[in-house]
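Me: I am new to reading protein models. Could you walk me through a few features?

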Amino acid sequence: MNVRRVAVHRTIIVVDVESFGDPGRTNRHQLAIREAVYCALQAAFAAAEVSWPTCHREDRGDGVFILAPAEAPKARLVEIVPRALAQALAQHNADRLDEARVRLRMVLHAGEVTFDDYGVTSASVNLAFRLLDASALKEALRRSPGVLALITSGWFFDEVVRHSSVLDPATFRLVRISVKETDALGWICLPDQSGPPVVEAAEPPPRPKAAIPRQMPAEPRSFVGRTRDIEVLNADLTPEKRSRSGVTIAVVRGAGGAGKTWLALHWAYRELRRFPDGQLFVDLGGFGPEHEPRSPQTVLRRFLEALGVESTRIPADPDARAALYRSRLADRQMLIFLDNARDTAQVLPLLPGSPSCTVLVTSRDHMSGLITAYGARLVPINVLSHDEAHALLVARLGESRLAAESAAVDELIGCCDGIPLALSIIAGRAQAYPDFPLAALATELRDTQTRLSVLDDDETASLPAVLSWSIAALEHDHVRGFAFLGMGPGFTLSQPAFASLTGLSARDAKLHLRALERVSLIEQPAPGRWRTHDLVRLYAVDQARRTIDEKERAAALRRLVDFYTHTALACDKMIPPLRVQPTLDQPGEGCHIERPANLTEALAWFDREHDSLMAIIGLAAERQWDVTVIGLGRILGGYHYPRGKFHDELVVSTAILEAAQRLDVPAEQSHAHRRLGFALGLTGQHHDAIRHGEKALEIAKDCGDYFNEAQVYRIFGYLYEQAGDEDRAYGNMLISARLFQSLNAGIYEAESLNMMAWYLARRGRYDEAYAKRAKAFTLSREHRHPAGQASSLDILGYLAHHTGRLTEALDCYLRALELFRESGHTRCQPDTLDRLGHAYMALRQTDQAVEAWRQALMLCQTQGRTSEADRIQGQLDSV
């Protein structure tokens, strides 16, 4: 035989029959007793759901030596096995003569054991047999009316019995064992009796004087801000939050360089009085220049040495080492500071068992295991606010130096993205060159191509190095996923958008995003939305440049643009009235288009993704993907006008015009000039608006584009109305209405008729206005255009108001608002709300009027309609 001599940790069980060799027992009796013992043991192990066949067993004639499998829970071996064993023996004894009855002594211990060619041996095995031979155990069984006396080692009692929710530790008695060379303590109980055994109890050994470690690093010198985070830590780690069932744990989570350790140290130094028994600190190296994080077993050895345990007395077995660590921390008021943890698995062995201790963990990982299983409090931290960043620079550089260059300081703060490490590096550079202007540093940081290199001072102060440690914790595929993030325009991404960018399946995209979020390279500001901080994104840009070739990058951007364009088209189809849809190229393979189920979902998608859509159209324009620019631009027009986003429409219509000119398509150029003219007019740039309108009309007439010609005349109507020339406004609207009628474009004819009715109503020509409005309402209803119906009802409310029918006016305005809101049309709501307020005032319903004007004011401010907002604010001030 050649059995490998490797020490393993096992639970040790030994049983021995009382008076097995009594002269009154014959061989037949002894065989029956052995049979009964084995049957009872098997039944007891089955009751505890511990596999008997997988146990290592050695027969000792009058007893059995057992090693439970490593996976067997120790708690079951003490909570279930002894009682089940006693029950089985009692049943056996019930109908047996005295010579065949069985009473047992039983030992439970755990420790390292070593197998060799002859069996198993170790100090732990030796201790178990010495406990079995203890006179106190024999005396306890002799005095008991039951069938079983159990003794556990001191270690087993401390680590298993004392924490049991089933056993009462008070039923155990501490005894001193002196057998041969062994001098130890054990705990005796009678599993089949209600009270403790009758034995001479031993006094617990005096507790050694505990060492008081003070291991925390120096307190941060320039700590500023984080007021809310400190309040959260104070609330979560207050002594009143401690429970008898578990230790209090807080996890400070954030990206690399976010200042997690500084925050935790700052809090710990403020609260030192709460930890009179000391503080243990370790940098676990979860994210750092070393390739592997620190082993928990190595940390445990360091902690035990700090707690006064001699190196030679620290167990080699991981479970025994952790148990000794917990024992040393029992009932001590200590702070365990676990800095830079990689994940939950690294932290678990380092948790104390005593609720008197507090554990403070910092990590880039979410530590969901600690939160779920141990009720840890999560304290997520983000970048510093502008004021906090300014305060940090003041603390490092002084108020006077910053005040002298306020513009450069603001630029420095913006370029550092509020990341404390970046700000500290810049402050260090400024301190190293006190005579250099801060504007010089701002100039270095201004270029996004070189910004990261400016923040790469050395290994101990390098933002790129800190970010690389997060990358090192990722799998290779997830690193590529992060690199892809550097290729987009830098906005918040949804999961389908990320899947389209990377070409991954929806499932794999979700896994990638979770992996990146887990190490705090990205964050989730809203459910299903992910983003990176600007400096982290610059690092992703560099990763993309290094690891993804140009062809693959172009394909990824094409998929991303296709995702937004085609999803926007699917949403646009839900917004009434149905318009002529632009012609788009087919989406690329791997593009995950979203399709809304209704108008509400479509508008919500546009609202949520609008900033992204603006960035995408800019990206498409930069790459001169002109068909996409025109197509997406047309789609956005159907969202911008109803939502009152006129300044955004200026950007889009300018991009459309440039794309149409590059393509040299006259119809598209006419459309673009007309769109741009309308946007200019709505933003108060009347002269340029008319110029673009005239150009649109000229091109439309030259190419026989009657529909666009009619649209231009309608735009002229709006523009001249804004200029106060209602005669010219009415004349242009009349031409547009006739052209739309000839083209059978009922939706657009209705819009022109509504405007004509409005001009007539303003002039007091109420009968004519009624007629135009009625025709417009009918056309809008026929073509399922709720916003057009709402405009007709708004005009009807105005007519009713000015002909003395105030109650009817209120009803019309309210119905109009309902239709505007149902169709997601916010642009016209402020005007209707304003008129509704006047109707309420006429009825002396002041509170309702004020509420209507407040809503109108809020919408005007949101839409950038400054002069109208000022007018409505004046109305509110006068109430």
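Me: How many aromatic pairs does the structure hold?
Reply: The structure holds 21 aromatic pairs. Rings of Phe, Tyr and Trp (its six-membered ring) pair if their centres lie within 6.5 Å; planes under 30 degrees apart count as stacked, over 60 as edge-to-face and the rest as tilted. Before we go on: this is a predicted model, where local features need pLDDT of at least 70, side-chain atom pairs count only at pLDDT 80 or more, and totals for chains, interfaces and linings use all residues. Residues are numbered from 1 along each chain as its sequence is written, and side-chain values use heavy atoms, with hydrogens and water left out.

Me: What describes a pair of rings?
Reply: The distance of the centres and the angle of the planes describe a pair of aromatic rings. Take Phe281 and Phe337: their centres are 4.9 Å apart with 70° between the planes, an edge-to-face pair. Phe281 is in strand β10 and Phe337 in strand β11, 56 residues apart. Strands (E, at least two residues) and helices (H or I, at least four) are DSSP runs, numbered from the N terminus.

Me: Are Phe281 and Phe337 buried or exposed?
Reply: Both Phe281 and Phe337 are buried. Buried means under 20% relative accessible area, exposed over 50%, and partly exposed in between (1.4 Å probe, protein chains only).

Me: Why is the pair of Trp758 and Tyr798 edge-to-face?
Reply: Their ring centres are 4.9 Å apart and their planes stand at 70°, so this pair is edge-to-face. Trp758 lies in helix α32 (residues 746–762) and Tyr798 in helix α34 (residues 786–802), so the pair ties together parts 40 residues apart in sequence. Trp758 counts as buried because its relative accessibility is 11%, and Tyr798 counts as buried at 13%.

Me: In what order do the strands of the five-stranded open sheet come?
Reply: The order is β10-β11-β12-β9-β13, with parallel pairing. Two strands pair if DSSP finds at least two bridges between them. The edge strands, β10 (279–283) and β13 (377–380), each pair on one side only. Five bridges join β10 to β11 (residues 335–341), and Asp283 stands opposite Asp339 in β11.

Me: Which ring does the charged end of Arg558 sit over?
Reply: The ring of Trp625, with the charged end 4.3 Å from its centre. A charge sits over a ring if NZ of Lys or CZ of Arg is within 6 Å of the ring centre and within 35 degrees of the ring normal. Likewise, the charged end of Arg342 sits over the ring of Phe287, 5.7 Å from its centre.
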